[in-house]
Amino acid sequence: MNESTLDKDVATPAEEPAHPLTNSSFVGFITTQLLGAFNDNLFKQLLLLLAIPAVVAGAQAEGPDLQGVATIVFGIPFVLFGGIAGYFADRYSKRRVIVLSKVAEIIVMMLGLLAFLAAPSIGFNGLWIVLFLMGLQSTFFGPGKYGILPEMLGPNQLARANGIVLMTTFIAIIFGTSLAGWLKDLVVDPDVPRFLAAQKLWIGSVVCIVVAVIGTAASFLVHPVEPAAPKLKFTAEYLFVPKAILSLLRADRALLLALGASCAFWLIAGLTIQSVNSLCKVQLGLSDTRTSIMVALISIGIALGGAAAGWLSRGGDGHVVIRIGMWGVVVWCAVLSISIPGRGHLLGFYGTMPALVLLGAAAAFFAIPIQVFLQARPPDELKGRMIAVMNQTNFVAIVFSGLFYMAMDGLITSMNWPRSALFAAMATLFLPVAIFYRMESTEGV
């Protein structure tokens, strides 16, 4: 598969129809990114559910909770290779990067099938390798995915196209996460040891392989685009934070603080999925299907909160919205943390459902203005590199969420605390952000 095969007959945005969904290139793009997000969330949630020790007669039957390990393994490629992935997205046609990334996805999902089948013999080792490769594939797919829209579409199409991308991404997350729990309940007995359970989940990898093949086929519908910087030279800067960005952050305290606030959000976001899985499976005793639905409710809340935040902050700079979001995260984490001795979790199954939707909505109220600020604040010539650094530092926070979860899991187990204590830790971590952080106005940036 050579350059001429992937990048011939380059199209320009001006040649495209007025509405994104009448553009065959955009339809191919939206299909391949939706199916990729679906696969990511299906496979990751299957692993996270497996990583939680089976509970038999009220006691943990086997080993520690390994969700923290899974989170770290998936996040490390974004930290180590995010800059290199950005280089490739600028040096070569983004369409070419997308197609080759999707071909890699098929290979990774095939390896996932082998890793599930081999789990009784080699444990989680094979699955960790596959999860790392999934993260690596997503690392290289991301810059092409986010960067190709302005090259594929005209300026008047971008707002509508980004809205479609956001909507379809949340649909993929919700359905991928929900299907994982249903699939695990369908093929695995709840009392089966997790390595034997993993072997039975080979069918999940078959689903992922089929989805990856369809997504790869859809990627060929994306029209070729010219490389943004075909003469770009690779330097050591792509392995670290570029000097220009370090100078910018030193000179612009508001930007530095916003980057720190974004990292704090992703630390909590990384902890939330692990904590919800643990709370629902271990403390509430829910099935994998119901547990995965609970995780999906967070995405529903984020989608609803994102729409509401956009409406509330129209014509303003989002100060009120972000304050509501910060304190909403603290309050709903605190509410979810409450367990009453002798009676169990305060909210139970039905009360936890709306609380998770509201937690997701509060997170969107906080995260969206921060992201807009980080995109708008830097000068034009540094925006791309600033976004790349933002993505890398956010994944550093996600990796730390895995480490923090492992530490909290050990503490909760040794102290015999309820799993809801994880949410108390999250509220405590985020409280200083809510008290002290103030986002500077974006006017004039």
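Buried means under 20% relative accessible area, exposed means over 50%, and partly exposed lies in between, with a 1.4 Å probe and protein chains only. The areas come from the Shrake-Rupley method with a 1.4 Å probe, and for residues only the protein chains shown count as cover. By that scale N416 is exposed, because its relative accessible area is 69%.

This is a predicted model: local features need pLDDT of at least 70, side-chain atom pairs count only at pLDDT 80 or more, and totals for chains, interfaces and linings use all residues. Residues are numbered from 1 along each chain as its sequence is written, and side-chain values use heavy atoms, with hydrogens and water left out.

Helices (H or I, at least four residues) and strands (E, at least two) are DSSP runs, numbered from the N terminus. N416 sits in the loop between helix 16 and helix 17. Its phi is positive, about 60 degrees, although N416 is not a glycine.

**Helix 17**

Helix 17 has 16 residues. Its first and last C-alpha atoms are 24 Å apart, close to the 22 Å expected at 1.5 Å a residue. That expected span is 1.5 Å times one less than the number of residues.

Where is the kink in helix 17? It lies at F430, shortly before the proline P432, and is about 35 degrees. The bend at a residue is the angle between axes fitted to the seven residues ending there and the seven starting there.

Part of the helix is covered. Its buried residues include A421, L422, F423, F430 and V433. W327, L431, I435 and F436 make a nonpolar surface patch of about 390 Å². Patches are made of residues with over 30% relative accessible area and no salt bridge; like charges are joined within 9 Å, and nonpolar side chains (Val, Leu, Ile, Met, Phe, Trp, Tyr) within 5 Å. Helix 17 (residues 421-436) gives the most to this patch, with three residues. L431 lies in helix 17. L431 counts as partly exposed because its relative accessibility is 32%. An α-helix has 3.6 residues a turn, so residues three or four places apart point the same way.

**The core**

A nonpolar core is a set of buried Ala, Val, Leu, Ile, Met, Phe, Trp, Tyr and Cys residues joined through side-chain atoms within 4.5 Å. The largest one has 58 residues, and F366, F430 and Y437 touch the most other members. Among the elements giving two or more residues to this core are helix 11 (243-251), helix 15 (348-376) and helix 17. Helix 12 gives the largest share, 14 residues.

**Salt bridges**

A salt bridge is a side-chain nitrogen of Lys or Arg within 4 Å of a carboxyl oxygen of Asp or Glu. How many does the whole structure hold? The search finds eight. The table lists some of them.

| Pair | N to O distance |
|---|---|
| R377 and D252 | 2.8 Å |
| K281 and D288 | 3.0 Å |
| D409 and R419 | 2.8 Å |

D409 is in helix 16 and R419 in the loop between helix 16 and helix 17, so this pair ties together parts 10 residues apart in sequence. Both D409 and R419 are buried. Salt bridges with shared partners join D65, D409 and R419 into one network.

R377 and D252 are also buried. K281 counts as buried because its relative accessibility is 17%. D288 is buried too, with a relative accessible area of 7%.
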